[in-house]
Amino acid sequence: MNKTFLIFKHEFLSTIKRVGFIILTFALLVLALLGIGIFHITSGIAKPSAEITKIGYVDETGSFSQSTTEGNIIFVHFDNSNAATQALVKKDITEFFVIPQDYISKGLIERYTMQKEVTPPAATTNAVKNFVTSNLLAGRISETVIKRIEAPLNLVTITLTLTGAVASKQGGLINLIIPGIFSFLLAFSLSFSSAYVLQGLGEEKESRLMEILLSSVSTRQLIVGKVLGIGAAGLVQVVIWVISIRFLLNLASSSIGGIISMIKIPANFWVFGVVYFILGYSLFAVLSVSVAAITSTVREAQGFAGLFMLFSIAPFWFYSLLMLFPNNPIWIIFSIFPFSAPVLVMLRLGMTGVPAWQLIASMAAIILSIVGGLLLAAKLLRTYILMYGKRPTLREIIRNLKRE
Amino acid sequence: MNAVEVKNIVKSYTDKVAVNDLSFLVSGNEIFGLIGPNGAGKTTTIRMMMDIIKPDSGKINILGEKLSEASKNKLGYLPEERGLYKKLTVIDSIIYLASLKGMDRRMAKERAEELLKKTGMLANRDKKIEELSRGMGQIIQFIVTIIHDPQLVILDEAFSGLDPVNTELLKGLIVDLRNQGKAIILSTHQMNQVEELCDRILMIDNGHAVLYGNLKEIKSNYKSNSVILDFEGELGQQVPGVAEKRVSKDYIELILDGSATPKQILERLVNAGITINRFEVVIPSLNEIFLKVVGKNHE
């Protein structure tokens, strides 16, 4: 069997068996399923009861006698507060309210209840509001208009393109959530995958296994097998996320509905997600190899791994600014800067349309950096992979690179 | 066919020349000692032989050809700086590293169990490497080095850190390999191990060969012009052919003046009626030769 493939297989299997990898891969799926489950349980508990609720009222104005049924709530008339209080104590009614004589001029209604509450329940408030509105307008305008006054607005926003056509992506802020979550996960996956490369090589160097490996395989076979093996595991992780998110969206949309059903993520977003993972990972992995070559211990190498995390996470520090001005020139520059491009472009793709030239420029910049990184890594590996002890200074590295 | 042919190799780093115009041969079916002080260039030479680093110039043939991926499978290498995957089990470590030498998994597993049994390590088959002692780890590394039945085995400081029991175990395994027709290169500081095991040696210092050839011949070349004598009777003030007498607790060392051979001295002593309990031509140990040669270069 090809030795590169053997190393690939070993690294792939070792990575997917890591506890951290398994948790990161399935945490989103498990948490989201848990969230949907909890929603259903709590909404089942909080669902309005089919039982009829009786709310008493005392009308001192003498003009509130219409629309005494609002859904499951029946408004029961009492002549005075004492009679209503008696009924409340006997639990014939759940609560009562008093419409005073000067209600029209002051708008004040007193509510009496035996429940301890921070605010009145929304269902009760709505029912009382509709009862009052219906009675105030009864006989003056039609029933249909009264119903419209009670629920006057169902706002649907349609985004147009610069040509006036309906944009393919609709939905506003809610549509930022999924790309945001995906980009965050992408940043983690990039950081963790490149850290695994760094840690793997660091451990092999620190435990002095490197020389045994190099007596069986070439440096190229070792690095290619390792980088591709860990990268493939990272890719599996990203693909699982893409499938999970799409599955969860469908599940949440059909079972929860509401605002979630408005989330529409175009298919090309996911394609770009996979492409930017491959490019971003390749760049960070190549840099990890260079770092592992010049450092002697895993601890020392991990210090450098923090830099990758920094580049990946940095776009989130400016998330609110990014949301407000997604096409600001500064973001365009950082979308082409190879280290920040993968995560930043994915974030911007979720917020706005990223022009094709920016996508091409960012991918080209990353690919060029990968090629440059590969040349650097190859030279550093040849010189430093079997050097233990003191880390070479930048000056020594430059001198040796020139000599190579 | 020679197992190793090294011709005029040179390797220099930024600040020093590590190996300078070094040439030697290692034939099959021999234990070859590669010795020298720290920093002499032994490990650099081995790494060039293993194609881990490239020489600046010169030529290296291993098993009759330039080292390739296929010929790497015929080599076993136990480096001085060595380790294994700490989190893997003993059997998984051996199988993975054997597979990188071209063995299929089933064969590797069978052979690993056979060698674990032979070295008394079978009970540790499923232990993680990090649970083993240092000596046990070295035995596992030795198993990894020879599991694929290599034609050439290179052992760099194979005995360092081993207890006497494991040292004897390893020596036995090395002699077995030689008896099976393998070529073995033993790089070490421990001269007693070289004297005990090696057929030929190469001593290098500052990247140069300073001694090379059959161990017995080298020692013979370095024999001093003196004999050790343990006797009964009166030796007398003057023994013809003896320039100086050095008295020790249990014997006298006679320094010869060059006019007589040790055999002639023995005959003269017998003829003089002296009872001789011990008569021995003084041959220096390899350690003494090492100190003499390397010490001279470092004066």
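User: Before we look at the packing, what is a nonpolar core?

Analyst: A nonpolar core is a set of buried Ala, Val, Leu, Ile, Met, Phe, Trp, Tyr and Cys residues joined through C-beta atoms within 7 Å. The general idea is that nonpolar side chains tend to be buried together in soluble globular proteins. In this predicted model, the largest nonpolar core has 134 residues. Those with the most contacts inside it are Val289(A), Ile94(B), Ile143(B), Ile184(B) and Leu186(B). Helix α10 of chain A, residues 267-294, gives the largest share, 14 residues.

User: Which residues is Ile94(B) in contact with, leaving aside its neighbours within four places in sequence?

Analyst: Its contacts are Ala108(B), Ala112(B), Ile140(B), Ile143(B), Val144(B) and Ile147(B). There is also a second, separate core of 14 residues, which includes Tyr57(A), Phe75(A), Phe96(A) and Phe131(A).

User: Phe131(A) is in α5(A), I see. Which residues of that helix are buried?

Analyst: Ala127(A), Val128(A), Phe131(A) and Asn135(A) are buried. Here is the general idea: an α-helix has 3.6 residues a turn, so residues three or four places apart point the same way. In α5(A), the buried residues fall within an arc of 95° seen down the axis, so they line one face of the helix. The face turned away from that buried side carries the exposed residues Ala122(A) and Thr125(A). Among what covers the buried residues are β2 (69-70), β3 (73-78) and β4 (95-99) of chain A.

User: What span should α5 of chain A have?

Analyst: At 1.5 Å a residue, its 16 residues (122-137) should span 22 Å, and the end C-alpha atoms are 22 Å apart, which agrees. Just after α5(A), Gly139(A) takes a positive phi of about 85°.

Terms used. Residues numbered from 1 in each chain as written. Chains lettered and ligands numbered in written order. Predicted model: local features only at pLDDT ≥ 70, side-chain atom pairs only at ≥ 80, totals over all residues. Helix = DSSP H or I, 4+ residues; strand = E, 2+ residues; numbered from the N terminus. Expected span 1.5 Å × (residues − 1). Buried ≥ 20, exposed ≤ 12 C-beta atoms within 10 Å, placed from the backbone. Arc of directions from axis to C-beta. Contact = placed C-beta atoms within 7 Å.
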